[in-house]
Amino acid sequence: MRKYEVMYIIRPDIEQEAVQAAVDKFQGIISNGGEITKHDVMGKRRLAYEIKKFRDGVFVLVNFNATPEVVAELERLMKISDEVIRYLITNDVA
């Protein structure tokens, strides 16, 4: 298993329960084939520039260990998710 870091931004106009449901959904995908080492919901923050007509977003940072197959599935689901406006998955070298 490799170390990864994912940061994703959730739309600011959805309810807090929907934000928590989206976070739980992505945590479940990671936990299915890996383990979460650090999870931080950073809250609502102002974006540096407008993304999909949004000026704010709910930032979530997750460090985890997983196989490449889990990462591919996570990326596939983040692409088609309506809640996520931007995401980035990187190899964690630290």
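Reader: Is Arg-45 buried, partly exposed or exposed?

Author: Arg-45 counts as partly exposed, because its relative accessibility is 43%; buried means under 20% relative accessible area, exposed over 50%, and partly exposed in between, with a 1.4 Å probe and protein chains only. Please note that this is a predicted model, in which local features need pLDDT of at least 70 and side-chain atom pairs count only at pLDDT 80 or more, while totals for chains, interfaces and linings use all residues. Residues are numbered from 1 along each chain as its sequence is written, and side-chain values use heavy atoms, with hydrogens and water left out.

Reader: Which strand holds Arg-45?

Author: Arg-45 belongs to strand β2, residues 34-51. Strands (E, at least two residues) and helices (H or I, at least four) are DSSP runs, numbered from the N terminus.

Reader: And what does Arg-45 touch?

Author: Leaving aside residues up to four places away in sequence, Arg-45 is in contact with Arg-55, Asp-56, Gly-57 and Phe-59. Contact means heavy atoms within 4.5 Å.

Reader: Turning to the sheet, what is the strand order?

Author: The order is β2-β3-β1-β4 in an open sheet of four strands, with antiparallel pairing. Two strands pair if DSSP finds at least two bridges between them. The edge strands, β2 and β4, each pair on one side only.

Reader: How many bridges join β1 to β3?

Author: Nine bridges join these antiparallel strands. Met-7, for instance, has Leu-61 in β3 as its bridge partner.

Reader: Where does α1 pack?

Author: Helix α1 packs on the sheet and touches β1, β2, β3 and β4. The direction of α1 makes about 140° with that of β2; axes are lines fitted to C-alpha atoms, for helices over the stretch in contact, and angles run from 0 to 180 degrees between N-to-C directions. Helix α2 lies across β1, β3 and β4, at about 165° to β4.

Reader: How many residues has the largest nonpolar core?

Author: That core has 23 residues, and Val-6, Tyr-8 and Phe-26 are among those with the most contacts inside it. A nonpolar core is a set of buried Ala, Val, Leu, Ile, Met, Phe, Trp, Tyr and Cys residues joined through side-chain atoms within 4.5 Å.

Reader: Which element gives the largest share of this core?

Author: Helix α1 does, with six residues.

Reader: What does Val-6 touch?

Author: Beyond residues up to four places away in sequence, the contacts of Val-6 include Val-62, Phe-64, Met-78 and Leu-88. Another core, of six residues, lies apart from the largest one and includes Ile-9, Leu-47, Ile-51 and Phe-54.
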